[in-house]
Amino acid sequence: MRHFLKMTDLSPAEIIALVDAAKANRGERSSALAGKSLGMIFAKPSTRTRVSFTVGAYELGGHVMFISEKEMQLGRGETVEDTARVLSRYLGGVIIRTYRQDDLERFAAVADIPVINGLTDERHPCQGLADLMTVSQFKEDLTGVKMVYLGDGNNVATSLASVMMMVGAHVVVCTPPELTLPDWAILEIRELAAANGGRAEFLTDPAEAVRDADFLYTDVWFSMGQQRVPEKNRQLEPYQINAELLAMARADCRVMHCLPAHRGEEISAEVIDGPHSVVFQQAENRLHVQKELLKKLMNG
């Protein structure tokens, strides 16, 4: 049984093939998932993940069932494993968006259906696939492309760096010293770089990081469930992507954001709404790559 819990659950060749198929099959309407039901168990709010998977499964002829974690027996003490065993007898696949990566992996360990990570506190691999598709629409040769992530060292940064390492790109993760990626993520990214010819850097100076960048990327400073802390906001202010910072990158540099965006915090309004922004193309690509992922896993 194939799951997609983290980026390395697919090989670099599979990821490139999936992205190529997503570009070739944009707008596909088919019966690839006819007769199959996809469950979506969400413990966190969602716009892009929920809607893009729902529309994608519908366009492939499948049926989607959205289930809030609060409305399930999990809230009354049923184990993750028992829930996985029961749902495996009803569904053809399941997407889980929750807090702990461990809960997702416990579910997948006993499930007889494909399990897809719709976001955890550690990883956001579906976003990473859409990010790679977006980059590949501007750069035919991904080797050596310089991607600079600025801001909070979080789940989006981990998945972005991982997928870019798997295609041999150059990634700079630039965060305040207090908010860098966890040690396990840095180790994983460095191992992927060594295995696939990528280059990973972890910096703290935004001006140094963005020099010669092909892409700048940021995410919200406070993820879902995190309390707003003035000190963290102060630490992150120098990492805002604005016109001044963008001017230090390559002249044709593109700007990316996984959304939702807080204009005036991690990114200025003039940049996200400006000519360098590919943010909404990036959001659209969630639909295209996830349709290919559903076909690969549910029909595999």
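1. A word on ground rules. This is a predicted model, in which local features need pLDDT of at least 70 and side-chain atom pairs count only at pLDDT 80 or more, while totals for chains, interfaces and linings use all residues. Residues are numbered from 1 along each chain as its sequence is written, and side-chain values use heavy atoms, with hydrogens and water left out.

2. Let's begin with helix α1, residues 12-24. Helices here are DSSP runs (H or I, at least four residues) and strands likewise (E, at least two), numbered from the N terminus. The expected span is 1.5 Å times one less than the number of residues.

3. Which residues of α1 are buried? They are Ile15, Leu18, Val19 and Ala22. Viewed down the axis of α1, these buried residues fall within an arc of 95°, so they line one face of the helix; the arc is taken from the directions from the helix axis to the C-beta atoms. Ala13 and Ala24, on the other side of α1, are exposed. Buried means under 20% relative accessible area, exposed over 50%, and partly exposed in between (1.4 Å probe, protein chains only).

4. The buried residues of α1 pack against α5 (125-136), α6 (155-166) and α12 (279-298), with contact meaning heavy atoms within 4.5 Å.

5. Now to charges: the structure holds 23 salt bridges, each a side-chain nitrogen of Lys or Arg within 4 Å of a carboxyl oxygen of Asp or Glu. One of them joins Arg2 and Glu14 (3.1 Å, N to O). Arg2 sits in the segment before α1 and Glu14 in helix α1, so this pair ties together parts 12 residues apart in sequence. Arg2 counts as partly exposed because its relative accessibility is 37%.

6. Do look at Lys232 and Asp152, whose closest N and O atoms are 3.2 Å apart in a salt bridge. Lys232 lies in helix α9 (residues 230-236) and Asp152 in the loop between β5 (146-150) and α6, so the pair links parts that are 80 residues apart in sequence. Lys232 is buried at 12% relative accessible area, and Asp152 is buried at 5%.

7. Within helix α12, Lys295 and Glu292 are 3 residues apart, about one turn of the helix. Their side chains form a salt bridge (3.2 Å, N to O), and both residues are buried.

8. Finally, a network of salt bridges links Glu81, Arg100, Asp102, Asp103 and Arg106.
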